[in-house]
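Open the model in a viewer and keep the selection tool at hand.

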Amino acid sequence: MKNAAKQWKLKMLGTAALLLGIIVLTTYLLTPANAEESTSSSQASAKEAQAANSEMYTAYVDKLQQENGKLYLIVDKIGWYQGEEADKVFEQRNPDSGIDGAPDGYYIINDSKEQERVEVSSDAEVFMQLYDRDGTVQGTNIQWNEPIALSKFESLYENKNILDLSVFPYHLTVQDGKVTKIVQQYIP
């Protein structure tokens, strides 16, 4: 009798351990962070395919053109450097400047004024740092990465009364030959 009771207790203990293990495993797999990991592999391959057809570069936007219902940017690609990298490039290009590093923490190289024409996707995202919000000088305050509509960017770019947006560099993301993201780079 004692032996049967002992076996029953061991079976119950084993069953309880198994149930506890199942609960822990299920909880682990269903938590948001771990659920993302399991779906991230398929998302990663989609992102890798997208990245293969995309590039990002910094450029001055010299002009906007409308043609056959499509918007095009006329851009002048530049080298944009920040922080330690800017200091290093500045020192290489200006060894006798007498300055310890790049002024204002950034440095721009524009050795070629060659322009390129690139189409803008109709659903391109635009993020601005500084622009004329209300037609007054006071309305041109900095708001980091403020999303605006592409149509608003077009109208702001053409209006040079208070602020000329062509003086700013822009970080452009190009996917399959079309600009999908425009991010204004603030420069002091």
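Start at Ala59, which is buried, with a relative accessible area of 0%. This residue lies in strand β1. The model is a predicted one, so the confidence values deserve a look before going further.

**Whole chain, coloured by pLDDT**

The mean pLDDT of the chain is 83, and 72% of its residues reach 70 or more. Select residues 16-42: pLDDT stays under 50 over this stretch, and the model has three contacts for it beyond four places in sequence.

Now switch to a cartoon view. Of the 188 residues in the chain, 32% are buried. The exposed surface comes to about 12,500 Å², and carbon and sulfur atoms supply 54% of it. For contacts between residues at least 6 apart in sequence, 57% join residues at least 24 apart.

**Strand β1 and its partners**

Select β1, residues 54-67, together with β2, residues 70-82. The two strands pair in the antiparallel sense over nine bridges. Within this pairing, Tyr60 stands opposite Asp76 in β2. Two residues lie between the strands of the hairpin, and Asn68 takes a positive phi near 50° there.

Tyr57 has Leu172 in β6 as its bridge partner.

Return to Ala59 and show what surrounds it. Which residues is Ala59 in contact with, leaving aside its neighbours within four places in sequence? They are Val75, Asp76, Lys77, Ile78, Phe168, Pro169, Tyr170 and Leu172. For Asp76, the C-alpha to C-alpha distance from Ala59 is 5.2 Å, at a separation of 17 residues in sequence.

**The largest nonpolar core**

Select Leu73, Phe153, Leu165, Tyr170, Leu172 and Ile182: these have the most contacts inside the largest nonpolar core, which has 30 residues. In soluble globular proteins, nonpolar side chains tend to be buried together.

Centre the view on Tyr170. Beyond four places in sequence, Tyr170 is in contact with Tyr57, Thr58, Ala59, Val61, Met128, Phe153, Leu165, Ile182, Val183, Gln184 and Gln185. A second, separate core has six residues, including Ala86, Phe90, Tyr107 and Ile109.

**Helix α4**

**Helix α3**

Next, select residues 83-93, helix α3, where Ala86, Val89 and Phe90 are buried. Viewed along the axis of α3, the buried residues fall within an arc of 100°, so they line one face of this helix too. Glu84, Lys88 and Gln92 are exposed on the other side of α3. Show β2 and β3 (106-109) as well: the buried residues of α3 pack against these strands. Ala86 and Phe90 also belong to the second core.

**Last stop: Gln129**

Select Gln129, in the loop between β4 and β5. Is Gln129 buried or exposed? With a relative accessibility of 3%, Gln129 counts as buried because the cut-off is under 20%. Leaving aside neighbours within four places in sequence, the residues in contact with Gln129 are Asn141, Ile142, Gln143, Trp144, Asn145, Val183, Gln184 and Tyr186.

How values were computed: Residues are numbered from 1 along each chain as its sequence is written. This is a predicted model: local features need pLDDT of at least 70, side-chain atom pairs count only at pLDDT 80 or more; totals for chains, interfaces and linings use all residues. Side-chain values use heavy atoms; hydrogens and water are left out. Buried means under 20% relative accessible area, exposed over 50%, partly exposed in between (1.4 Å probe, protein chains only). Contact means heavy atoms within 4.5 Å. Accessible areas come from the Shrake-Rupley method with a 1.4 Å probe; for residues, only the protein chains shown count as cover. A nonpolar core is a set of buried Ala, Val, Leu, Ile, Met, Phe, Trp, Tyr and Cys residues joined through side-chain atoms within 4.5 Å. Helices (H or I, at least four residues) and strands (E, at least two) are DSSP runs, numbered from the N terminus. pLDDT is the predictor's confidence in each residue, from 0 to 100. Two strands pair if DSSP finds at least two bridges between them. The arc is that of the directions from the helix axis to the C-beta atoms.
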